Amino acid sequence: MTDYEQFKKDILELTGIDLNAYKERQMKRRIHTLSTKYGFKTYNDFFQDLKKNAEHRKHFMNYLTINVSEFYRNPQQWEVLESKVIPELLTKNKHALKIWSAACSTGDEPYTIIMIMKEMFPNVKVSLLATDLDDKVIEYAKEGCYAQKSIANLPQKYVQKYFKKEANGMYRLSREIMDCVEFKQHNLLADRYDTNFDLIVCRNVLIYFTEEAKLEVFKRFHSSLRPEGYLFIGSTEQILQARSIHFEPQFSFFYKKV
Ligand SMILES: C[S@@+](CC[C@H](N)C(=O)[O-])C[C@H]1O[C@@H](n2cnc3c(N)ncnc32)[C@H](O)[C@@H]1O
């Protein structure tokens, strides 16, 4: 067994994260960068340190999971959601939508969904679950305090209505938005999925997974959606042979459960 094979086994035992499901070259590069920074030369030395040092372990997990996000990321896709997907979902289910923002990172994505719903569909009751593997980003999301670059793409009407600029230059999100999201820690590769969602938004995380892990997640999303529910994925992602797993590509980056 190579050093890396053993390292993957050890990490799975220690943290519950299965590195086999992530693309290997990318993971190795990130692990190498971090372990070198701490001064370790072998996977085993690095692992022995991670076992003992909770601070390093936390940093390792955060570093591994790449947390970049922003409000209204890729605006054209949100416009499709507002003008096509949500209106279609509401033709079946006029009063309430159950939505899951999976791998939500610092909360930018679920909060964007709530703003859109409040602005454009104010009479619809929304239940929004937002999850991520990394508990540190969930803590950040619950703080609701963002740098200007996080909201650079967000239409001004939302910035004016829902953010307050603080003395330190950060933007504080209003309680009205924050209270509409339920955050939970959740591992897409290991934990149970809730069901009956009208819409699942899962963007910019599947790119890190192997093809096998991705397919498994897509199948599980399919089971978690209501019939004719939608899956919204990231701009560099696609479901290969979507129809074979009963997803119909409807608009770019939106797949409908059939
Ligand atoms: C690049 S961010 C994407 C954030 C947001 N969806 C967006 O597109 O702006 C990727 C997120 O996936 C999370 N992640 C990585 N592996 C995961 C897993 N196995 N289960 C759940 N979340 C995971 C990371 O913690 C990180 O917050």
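This note goes through the predicted model point by point, from the overall fold to single residues.

1. On the basis of the model: it is predicted, so that local features need pLDDT of at least 70 and side-chain atom pairs count only at pLDDT 80 or more, while totals for chains, interfaces and linings use all residues. Residues are numbered from 1 along each chain as its sequence is written.

2. On overall composition and dimensions: the chain holds 10 helices and 10 strands, where helices (H or I, at least four residues) and strands (E, at least two) are DSSP runs numbered from the N terminus. The radius of gyration, taken over C-alpha atoms, is 19 Å, close to the 18 Å that the globule rule (2.2 Å times the number of residues to the power 0.38) gives for 258 residues, so the chain is as compact as a globular protein of that length. Along its principal axes the C-alpha trace spans about 55 × 55 × 25 Å.

3. Among contacts (C-beta atoms within 7 Å) between residues at least 6 apart in sequence, 74% join residues at least 24 apart.

4. On the domains: the chain is divided into domain 1 (3-64) and domain 2 (75-257), with bounds that come from an automatic or database domain assignment. Their C-alpha centres lie 29 Å apart, and the contact takes 9 residues from domain 1 and 9 residues from domain 2. On the side of domain 1 that touches domain 2, helix 4 (residues 54-64) gives the most, with 3 residues.

5. Strand 1 runs parallel to strand 2 (residues 125-132), to which 7 bridges join it, and parallel to strand 7, with 3 bridges; two strands pair if DSSP finds at least two bridges between them. I99 has L128 as its bridge partner in strand 2 and stands opposite L199 in strand 7, while W100 stands opposite I200 in strand 7. From strand 1 the chain crosses through helix 6 (residues 108-120) to strand 2 in a right-handed β-α-β crossover, meaning that, with the strands pointing away from the viewer, the path from the first strand over the helix to the second runs clockwise.

6. On strand 7: 6 of the 6 residues of this strand (residues 197-202) are buried, so strand 7 is largely enclosed by the rest of the structure. Strand 7 is also joined by 5 bridges to strand 8 (residues 225-233), and the two run parallel; there, L225 is the bridge partner of F197. Strand 7, helix 10 (residues 211-224) and strand 8 make a right-handed β-α-β unit.

7. On the antiparallel sheet: an open sheet of 3 strands has the order 3-5-4 with antiparallel pairing, and its edge strands, strand 3 (145-146) and strand 4 (163-165), each pair on one side only. Strand 4 is joined to strand 5 (residues 171-173) by 3 bridges, and F163 stands opposite L173 in strand 5.

8. On H32: this residue has its place in helix 2 (residues 24-38) and is partly exposed, with 13 other C-beta atoms within 10 Å. The C-alpha atoms of H32 and T42, 10 residues apart along the chain, are separated by 9.1 Å.

Key
Buried ≥ 20, exposed ≤ 12 C-beta atoms within 10 Å, placed from the backbone. Contact = placed C-beta atoms within 7 Å.
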